Amino acid sequence: MIEINRGQYKHWALYIGNGEVIHLVTPDGPSRVSFCSFSSSSGSVSCKGTITIETLQDVAAGNTYKINNYLDDEYKPRRTDVIMGDVDKMRGRTITYDLLGRNCEHFVTFLRYGKSKSQQADDFLNNVLTGTAGLLGVLTAVSASTAAAASTLSK
């Protein structure tokens with residue numbers, strides 16, 4: 001698995017040999033809108049990503065990258081012939097893309113291990129929940145101290 005540093009996030013690709021990687025991409029810029037649709041009934045946004053094969057150099061586009069098979073201790077990597085069979089079936093397909101549930105890291109871990117995981121998405125959600133819990137704790141403390149002050153003033 002190749003982790004490509006894009007600054008604010010990491011892009012993931014799977015090296016398949018001969019300098020090539022397979023990865024899940026969404027269009028950049030204004031064309032991204034054409035890959036997403038909004039459901040007014042559910043209030044959800046659905047996006048699409050395309051599975052492409054390109055050279056690692058083109059995908060990295062000057063950004064730093066490294067091999068990062070971080071789940072090898074947790075899951076057994078699938079055999080190369082099984083992965084390549086999936087690569088042949090998936091190449092060029094458009095699939096559902098969701099930043100937190102079906103992103104490029106989920107795609108790459110599925111190919112390598114047969115399991116979809118994204119540490120990046122998990123970390124983001126944990127940070128949001130921790131921040132929310134911290135904010136709720138502060139609000140609770142402020143409410144309690146305000147109630148105590150009001151009780152003292154009313155005596």
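**View 1. Strand 2 and strand 3 (residues 20-25) pair antiparallel through three bridges.** The model is predicted: local features need pLDDT of at least 70 and side-chain atom pairs count only at pLDDT 80 or more, while totals for chains, interfaces and linings use all residues. Residues are numbered from 1 along each chain as its sequence is written, and side-chain values use heavy atoms, with hydrogens and water left out. Strands (E, at least two residues) and helices (H or I, at least four) are DSSP runs numbered from the N terminus; two strands pair if DSSP finds at least two bridges between them. Tyr15 has Val21 in strand 3 as its bridge partner. Two residues lie between the strands of this hairpin, where Asn18 has a positive phi near 55 degrees.

**View 2. Strand 1 (residues 2-5) runs antiparallel to strand 2 and is joined to it by four bridges.** Asn5 is bridged to Lys10 in strand 2. This hairpin has four residues between its strands, and Gly7 in the turn shows a positive phi of about 90 degrees.

**View 3. Strand 2 (residues 10-17) is largely enclosed by the rest of the structure, because six of its eight residues are buried.** Buried means under 20% relative accessible area, exposed over 50%, and partly exposed in between (1.4 Å probe, protein chains only). In the protein chain, 28% of the 155 residues are buried.

**View 4. The protein chain contains seven strands and four helices.** Along the sequence their pattern is β-β-β-β-β-α-β-α-β-α-α.
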